[in-house]
Amino acid sequence: MILPYSTNSFNMYNSHDSAATDNRSEVLTWLSPLEPHLRHNEVPTTRVKDVGDWLLRTEEFRSWKNGDGQGESQKATMFCPGNLGVGKTYIR
Amino acid sequence: MFFLKIYDYSSLVIDTLCDEPAGEDNVVACFYFDSAAQKEQSAMSVLGALLKQVVSSLEKIPKEVTDAFRRHKKFIGGRELQLSEIVKMLGSLSSTQPTFLCLDALDEYAEPDRAKVLLSLRDIIKISPTIRVFLTGRPYVGDEVEKHFIEGTALLSISPPNDDIIRYIQTKLAEGTGLGEMDIKLEAEIVKKIPETSSEM
């Protein structure tokens with residue numbers, strides 16, 4: 001699998017005519033002034049190819065993503081607890 | 001020296017969901033919590049930011065959103081959306097295509113807003129049971145997550161296998177990040193020692 005490290009995965013502002021664009025960005029800013037997709041685009045620079053792929057291959061992740069778990073395992077929410085740092089060193 | 005962060009996993013999951021060949025219609029909205037930015041991350045602006053991403057992925061802004069915008073604009077200085085309105089919109093807009101909401105580092109987000117966000121997510125799932133919510137955080141937040149998602153939460157601990165750690169270190173060593181000249185023997189020693197140490201953490 002090829003991982004995009006710096007591609008813009010969020011195709012956010014692709015309106016066509018300019019009047020609609022004005023209105024569109026006005027409405028979007030009104031919804032929230034925050035721009036979390038920008039943070040997302042910054043984050044991948046610390047990522048390393050193939051690291052973390054084990055998570056994507058787990059049965060838990062696949063059945064959560066595809067929503068095809070049976071009965072009890074059919075869950076809308078997935079929580080991944082971890083002690084890896086956000087801004088903290090994991091390997092010392 | 002080396003950093004392997006939980007948000008690397010969140011970002012990997014988000015990119016994977018966006019790039020799925022079979023999931024061209026996937027709508028993916030994300031939020032990275034940051035304790036340093038708590039003030040500007042009210043529950044309302046967090047949920048609003050998720051809604052904004054869902055809306056902007058649609059070709060046309062849905063009528064219910066533009067109607068609400070016009071309604072609120074009538075107030076002097078404009079008025080913000082209420083949390084309950086955001087929840088309702090997120091729920092109804094997410095029922096028409098596969099939608100994923102990914103929130104990273106819940107522990108970086110303090111109460112009472114954290115509970116507000118979790119409760120809102122629960123309400124959104126009630127409206128749109130096909131929506132998928134992906135959360136990361138330090139383990140102690142788990143109880144709270146379980147408490148709020150009464151229909152159950154899939155748990156998957158992030159504990160990278162040693163292969164991952166070794167691959168990470170080797171890549172970083174090859175890049176020469178922050179280490180300068182590295183003796184091959186020393187590299188081998190580091191690669192051998194570090195996973196042993198990390199498993200004791």
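**View 1. Cys80(A) and Thr136(B) are bridge partners across the two chains.** Strands are DSSP runs of E with at least two residues, helices are runs of H or I with at least four, and both are numbered from the N terminus. Two strands count as paired if DSSP finds at least two bridges between them. The model is predicted: local features need pLDDT of at least 70 and side-chain atom pairs count only at pLDDT 80 or more, while totals for chains, interfaces and linings use all residues. Residues are numbered from 1 along each chain as its sequence is written, and chains are lettered from A and ligands numbered from 1 in the order in which they are written.

**View 2. Strand 2 of chain B, residues 99-104, is joined to strand 1 of chain B by six bridges.** These two strands run parallel, and Cys30(B) has Cys102(B) in strand 2 as its bridge partner. Strand 2 also pairs with strand 3 of chain B in the parallel sense, over four bridges. Here Leu101(B) stands opposite Val133(B). Together with helix 5 (residues 113-127), strands 2 and 3 of chain B make a right-handed β-α-β unit (with the strands pointing away from the viewer, the path from the first strand over the helix to the second runs clockwise).

**View 3. Strand 3 of chain B, residues 132-137, is largely enclosed by the rest of the structure, because six of its six residues are buried.** A residue is buried if 20 or more other C-beta atoms, placed from the backbone, lie within 10 Å of its own. Arg132(B), Phe134(B) and Thr136(B) point one way from the strand, whereas Val133(B), Leu135(B) and Gly137(B) point the other way.

**View 4. Chain A has four helices and one strand.** Along the sequence the pattern is α-α-α-α-β. Of the 92 residues of chain A, 29% count as buried.

Note on methods. A residue is buried if 20 or more other C-beta atoms lie within 10 Å of its own, exposed if 12 or fewer, and partly exposed in between; C-beta atoms are placed from the backbone.
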